[in-house]
Amino acid sequence: MIPQFDLKKEYSLLENKIQAEIRKVFSKTNFIQGENVKKFEEKVANYIGVKYAISCNSGTDALHFALRSLNIGKGDEVITTPFTFISTIEAIMYLGAKPVFADINKRTYNISKSEILKKITSNTKAIIPVHLFGNPFDVEDLKKDIDNNFINIIEDCAQSFGAGINHKRTGSLGDIGCFSFYPTKNLGCYGDGGIITTNSEAIYKHIKKLTNHGSSKRYHHDIIGFNSRLDEIQAAILNIKLKLIDETNMMRVNIANIYNENLSEVKNLTLPYKENNTHHVYHQYTISSLDRDIIKKTLEKNNIGSAVYYPISLEKQNAYKYFFKDTANYKNSNFISNTCLSLPMYPYLSESDVLSVCNTIKNI
Ligand SMILES: Cc1ncc(COP(=O)(O)O)c(C=O)c1O
């Protein structure tokens, strides 16, 4: 069996280190806001290339706090992509703001800059591009065409830890970066976790309070806050995995190259697209084909896992469809939802397994 995603090999390689670090946490019994969390925040800020990083409980909370720190609420519009995980728009809905979709680019699967520019109004307060599947969206290019003093850019980096464009890392390109450490992410912990990156001291201070009951001094609460903290056990695991992130991202790139080489001649199959100036980290290796369902079924018959991220363009989700009446406008998002397929992808996937996946597809 070749699963679409697997953590077992990674854990077996890291088990001794992880268990030793977890034992240290237990011996200190300092489970919340201890030294591992502090170290992790410093290391992430340094790695991403920003002044501040504030950890929290999840990528969803990171997006929620990013929007909240910009005082976004009722009457404000936030532009984002309909082809993403649901969290991206949940965060907008939590604040009573209006999500406005801009269709995606069919080749990159990312939000399209020209579609964003069509959707900007005097109520637009923020844009949330998602660096989907590890493929960086060109935030700096977008900045040239918008007034960044009035419209903030929040990067959804849940799938792009370590990815970059023009030698700058995602999470440092816009005003705020939001990361998830859900176990399947390319930097993942063994539970839930997230982090927010920014160069703004004001945003840093505000979000720091939001994550910890609105307080920066114990039992003094300046704003209404939340309980959303990364715990010491997860931070200890992440400190180990952060050291390996460049290596594991390169392992993903190598796997993607093998797929590219072996699948490039296959008819009716579109392979993932990457611009020359980007470092795509292949959180997913996602193809598109009108024969998607046949490919998926054939892989299944051959004990090969694959996954459809995402099967429903978000304007059609039950919870949101009352909100979006202009469903005809997201043609590319709907096309890709109906044709996309993510093949097995994780750092410790062997070359022979990748070749088996390719051969199975070629034989269809
Ligand atoms: C694009 C995107 N945004 C946001 C999130 C939310 O992250 P979390 O699951 O940590 O809340 C995820 C991951 O699940 C995601 O893939």
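1. Before we look at helix pairs, a word on angles: axes are lines fitted to C-alpha atoms, for helices over the stretch in contact, and angles run from 0 to 180 degrees between N-to-C directions. Helices (H or I, at least four residues) and strands (E, at least two) are DSSP runs, numbered from the N terminus. With that in hand, take α1 and helix α8 (residues 232–243): their axes come within 9 Å and cross at roughly 145 degrees. The crossing of these two helices, α1 and α8, is right-handed; a crossing is called left-handed if the near helix is turned anticlockwise from the far one by less than a right angle, and right-handed if clockwise.

2. Please keep in mind that this is a predicted model, in which local features need pLDDT of at least 70, side-chain atom pairs count only at pLDDT 80 or more, and totals for chains, interfaces and linings use all residues. Residues are numbered from 1 along each chain as its sequence is written.

3. Which residues bring α1 and α8 together? From α1 come L14, K17, I18, E21, I22 and V25, and from α8 come E232, I233, A236, I237 and I240. Two residues count as in contact if their C-beta atoms, placed from the backbone, lie within 7 Å. By class, the contact of α1 with α8 has eight nonpolar, no polar and three charged residues. Here Ala, Val, Leu, Ile, Met, Phe, Trp, Tyr, Cys and Pro are nonpolar, Asp, Glu, Lys and Arg charged, and the others, Gly among them, polar.

4. Now for the ligand. It is surrounded by 15 residues, and the closest are S58, G59, T60, A158 and S180; a residue is near a molecule if its C-beta atom, placed from the backbone, lies within 6 Å of it. The elements giving two or more residues to this shell are α3 (59–69) and α4 (87–94). Nine residues of the shell are polar, four nonpolar and two charged.

5. Those two helices also meet one another. The axes of α3 and α4 come within 9 Å and cross at roughly 40 degrees. That makes α3 oblique to α4, as angles under 35 degrees count as roughly parallel, over 145 as roughly antiparallel, 65 to 115 as roughly perpendicular and the rest as oblique. On the α3 side the contact uses G59, T60, L63, H64 and L67, while α4 supplies S87, T88, E90, A91, I92 and Y94.

6. Seven strands form an open sheet with mixed pairing, in the order β1-β9-β8-β5-β4-β2-β3; two strands pair if DSSP finds at least two bridges between them. At its edges are β1 (52–56) and β3 (98–101), each pairing on one side only. Within the sheet, β2 (residues 77–80) runs parallel to β4 (residues 124–128) over four bridges, and V78 has A126 in β4 as its bridge partner.

7. There is also an open sheet of three strands, antiparallel, in the order β7-β6-β10. Since β7 (168–169) and β10 (278–279) each have a single partner strand, one side of each is left without a neighbour in the sheet. I165 has K168 in β7 as its bridge partner.

8. Two backbone details deserve a look. Most residues other than glycine have a negative phi, and most peptide bonds are trans. Q33, which is not a glycine, has a positive phi of about 55 degrees, and Q33 sits in the loop between α1 (8–28) and α2 (35–48). The peptide bond from Y309 to Y310 is cis, with omega near 5 degrees.
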